[in-house]
Every structure is written in C-alpha cells, then in structure tokens.
Amino acid sequence: MNRTELTERLRREEVPDALYEIPGVHGVPVQLDAYYVLRPEGDAWPVLLRQRGQEEVIARFATEAEACDYLYDTLTDVPPPSPGGAARIERLLADAEEIQRQAEEDFERAPDREDGGTGVSEPDA
C-alpha cells in the first residue's frame, strides 16, 4: 500500500481526517492537539506523533508499504467514535469557518483600532 491508497482506505473506514497528516497527499483540515504524521525522510519512512507542536517518532520503517500498513493498523485499531461523533466533527469544522469569518468582519468594523480601520499599523515616530 502507498500513501494515496492509505488515505483512500482510511476514508473508507471513516477515520476522521483530523487524526492524520500525509504531506503531499492529505493535510489536516483542523489541527488537533495530537495527530499522526507519515513523512518520508531520505530512505526512511517514520511515523510521528505530533502533539502540541512537538513531534516524536513512534516507529521507523524501511519501506513506504510498511509505514502505511502500520499507520493504517494504528488508526483503525481504535474504539468506534461515540454516536454522532462524525457529525459533531463536521459541525465543529463548519463552526470554525463561521467563527473566523465573523471575527474578521468584527475586526474590520472595530472603530477604536489603532490603525484607524485600515489594517495597516503606523510606524512608531
């Protein structure tokens, strides 16, 4: 199995997209406090756990297929999500976009901004 096939299989298994990142194939839509990363490094294929901005190699493989099999097994060997879990993640993603849009609008309308509402700060004199 390669990285593209891994992504397809994980989607069929309904593994939440936010739990893994495969650079060049699959990005994390919303970065959680912890998620897995499969990233080739030279001749090695490490699987990392990215947690609160820190990365830790949890396994290293000689081939892409071995790394993909390991990550697939790791991500599919978890208890099923609570009822409505997938719908809750989708709502959170939608809410995050709406919250950001609203924050940007509020920022642009703020009357007491130091930049006079232009979005550009004046250099200190």
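At 65% relative accessibility, arginine 52 counts as exposed (exposed is over 50% relative accessible area, buried is under 20%, and partly exposed is in between, with a 1.4 Å probe and protein chains only). This comes from a predicted model, in which local features need pLDDT of at least 70 and side-chain atom pairs count only at pLDDT 80 or more, while totals for chains, interfaces and linings use all residues. Residues are numbered from 1 along each chain as its sequence is written, and side-chain values use heavy atoms, leaving out hydrogens and water.

Arginine 52 sits in the loop between E3 and E4, and its phi is near 50°, a positive value in a residue other than glycine. Glutamate 14 also has a positive phi, of about 60°, although it is not a glycine. Glutamate 14 is found in the loop between H1 and E1 and is exposed, with a relative accessible area of 66%.

Stepping back to the whole chain, the protein has 3 helices and 4 strands (DSSP runs numbered from the N terminus: H or I of at least four residues for helices, E of at least two for strands). From the N terminus on, the elements run α-β-β-β-β-α-α. Of the 125 residues in the protein, 23% are buried. As for contacts (heavy atoms within 4.5 Å), among those between residues at least 6 apart in sequence, 25% join residues at least 24 apart.

Now for the sheet. The 4 strands form an open sheet with mixed pairing, in the order E1-E2-E3-E4; two strands pair if DSSP finds at least two bridges between them. E1 (20-21) and E4 (54-61) each have a single partner strand and stand at the edges, so one side of each is left without a neighbour in the sheet. Helix H2 (residues 64-76) packs on the sheet and touches E1, E2, E3 and E4, its direction making about 160° with that of E2. Such axes are lines fitted to C-alpha atoms, for helices over the stretch in contact, with angles from 0 to 180 degrees between N-to-C directions.

Strands E2 (residues 34-38) and E3 (residues 45-51) pair in the antiparallel sense over 5 bridges, and tyrosine 36 has leucine 49 in E3 as its bridge partner. Tyrosine 35 also lies in strand E2 and is buried, with a relative accessible area of 3%. Tyrosine 35 and alanine 18 are 17 residues apart in sequence, yet 7.0 Å apart in space, C-alpha to C-alpha. E3 and E4 form a hairpin with 2 residues between them, and the turn holds arginine 52.

The axes of H1 (residues 3-12) and H2 come within 9 Å and cross at roughly 15°. H1 and H2 are therefore roughly parallel to each other (under 35 degrees; over 145 is roughly antiparallel, 65 to 115 roughly perpendicular and the rest oblique). The contact is made by Arg3, Leu6, Arg9 and Leu10 of H1 together with Glu64, Cys68, Leu71, Tyr72, Leu75 and Thr76 of H2. By class, this contact has 6 nonpolar, 1 polar and 3 charged residues, where Ala, Val, Leu, Ile, Met, Phe, Trp, Tyr, Cys and Pro count as nonpolar, Asp, Glu, Lys and Arg as charged, and the others, Gly among them, as polar.
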